[in-house]
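Reader: I'd like to learn how to read aromatic ring pairs in a model. Can you walk me through it?

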Amino acid sequence: MGMNREISTIEKFVAILFALIVCVFTVYTQFVIAGFDELFSETNVVIPKSTQLVFTTFRWWVLLLVIAVIGVYQVIYVKNRKGWWLLSSALIFITALLPITVWSMYEPFM
């Protein structure tokens, strides 16, 4: 059904755009959260559980980038619809992680 069909230029563009959004989010959070982690580790501030959770899990968010890359490969080269599920899932996860991350990083300052 979804196998061996031609992929339009628009579909390729959207797949690559989704992966780039996931890439920018992942790379940016790796630097920003690492900076916050270093800042809080240098001080004796009591860190809320939500912030501790982000600090312990953010390094694993790179897996979202891996999922997005596999999704682009599936869409463009394998021409399989499973790639769209992977790309959409990664995009939904970062959409959910963004407000949680912002809130948990600034919660200790409130």
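Reader: Which residues do ring pairs link into a cluster?

Author: Quick ground rules. This is a predicted model, where local features need pLDDT of at least 70, side-chain atom pairs count only at pLDDT 80 or more, and totals for chains, interfaces and linings use all residues. Residues are numbered from 1 along each chain as its sequence is written, and side-chain values use heavy atoms, with hydrogens and water left out. Now the cluster: ring pairs tie together Phe36, Phe40, Phe55 and Tyr106.

Reader: How is a pair described?

Author: By the distance of the ring centres and the angle of the planes. Rings of Phe, Tyr and Trp (its six-membered ring) pair if their centres lie within 6.5 Å; planes under 30 degrees apart are stacked, over 60 edge-to-face, the rest tilted. There are six aromatic pairs here. Take Phe40 and Phe55: the centres are 5.8 Å apart and the planes at 50°, so this pair is tilted. Phe40 sits in helix H1 and Phe55 in helix H2, 15 residues apart, so to speak a link between distant parts of the chain (helices are DSSP runs of H or I, at least four residues, numbered from the N terminus).

Reader: Are Phe40 and Phe55 buried or exposed?

Author: Buried means under 20% relative accessible area, exposed over 50%, partly exposed in between (1.4 Å probe, protein chains only). Phe40 is buried at 3%, and Phe55 is buried at 7%.

Reader: What about Tyr73 and Tyr77?

Author: Their centres are 5.7 Å apart with planes at 35°, so that pair is tilted. Both lie in helix H3, four residues apart. Tyr73 is partly exposed at 46%, while Tyr77 is exposed at 62%.

Definitions and conventions: Helices (H or I, at least four residues) and strands (E, at least two) are DSSP runs, numbered from the N terminus.
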